[in-house]
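Trainee: I am new to this structure. Please take me through it in short questions and answers.

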Amino acid sequence: MPPPPHDRPLPETERTRHRRLREQGSLDRADLDAILAAGFVCHLGVSVDGTLMVVPTVYGSDGSTLYFHGSVASRSLVASPGAAVCVTVTHVDGLVLARSVFEHGVNYRSAMVFGVPRPVTDPDEKLEGLRCLTEQATPGQWDYARRPSRKELAATALLALSLDEASVKVRTGPPDDGDSPDAELPVWAGVLPLHPSWGAPEPDPLLTPGIVAPPHIAPRSAAQ
């Protein structure tokens, strides 16, 4: 019996093969899942009317499919059915400050997902995809706020992209010049970590008095 998809390594293709900094590449599907789970904003690379565009948008992952808003990509798919896209998610974890500028770098986690997206037209799947997006950004919000109406669903462009073809890279640790001749220089070297955090919730000025941030929102800033 073949292993479940999540236990299989990511396949290497011409688009996902790690040609540079191979030591930072990963074929571990768990690394892909962790990178996607840690964010909710991606950058969508797509060709629109012959012009390459990289568009920031929100996404959600259910483990096998990436759902994302994509009105620009939807127009492109209508004009060029079967056109491939590239979706990138990146997290910056720190600056790597070496003894020489040449060895400076960034500690990061990134994933690039390639493929041909499909417009989500089935109302049930579109609702589930939007739930995925909402819960990715703010767990608990889907059951708290009003859900989309039929008219709102019809006006929303949602795309689905398989996670079957993805490239993952991760860099961690200190600079690479600790055992080089530059190690003798009187220059500080190390990592300046970056830790994103949520601030305190800021209520809408027009919010009805007496409505407070719900339990799934209020603790997020305190937890970080």
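Trainee: Which exposed residues does the face of helix 3 turned away from its buried side carry?
Mentor: This is a predicted model, in which local features need pLDDT of at least 70 and side-chain atom pairs count only at pLDDT 80 or more, while totals for chains, interfaces and linings use all residues. Residues are numbered from 1 along each chain as its sequence is written, and side-chain values use heavy atoms, with hydrogens and water left out. Helices (H or I, at least four residues) and strands (E, at least two) are DSSP runs numbered from the N terminus; buried means under 20% relative accessible area, exposed over 50%, with partly exposed in between (1.4 Å probe, protein chains only). On the face turned away from the buried side of helix 3, the exposed residues are Pro123 and Asp124.

Trainee: Which residues of helix 3 are buried, and what arc do they cover around the axis?
Mentor: The buried residues are Lys126, Gly129, Leu130, Cys132, Leu133, Gln136 and Ala137. The arc is that of the directions from the helix axis to the C-beta atoms. These residues lie on the same side of helix 3 because their arc is only 150°.

Trainee: How far apart are the end C-alpha atoms of helix 3?
Mentor: The expected span of a helix is 1.5 Å times one less than its number of residues. Helix 3 has 15 residues (123–137), so it should span 21 Å. The distance between its end C-alpha atoms agrees, at 21 Å.

Trainee: Which residue has a side-chain oxygen that reaches the backbone nitrogen of Asp124 at the start of helix 3?
Mentor: A polar contact is a pair of N or O atoms within 3.5 Å; within protein, one must be able to donate a hydrogen and the other to accept it, and residues adjacent in sequence count only if both atoms are side-chain atoms. Here the oxygen comes to within 3.1 Å of that nitrogen, and its residue is Asp122.

Trainee: Is Glu165 buried or exposed?
Mentor: Glu165 is in the loop between strand 8 (158–162) and strand 9 (166–171). Its side chain makes a polar contact of 2.6 Å with that of Thr13. Because its relative accessibility is 16%, Glu165 counts as buried.

Trainee: Which residues of helix 1 are buried?
Mentor: Helix 1 covers residues 29–37. At its start, a side-chain oxygen of Asp28 reaches to within 2.8 Å of the backbone nitrogen of Ala30. The buried residues of helix 1 are Arg29, Leu32, Ile35 and Leu36.
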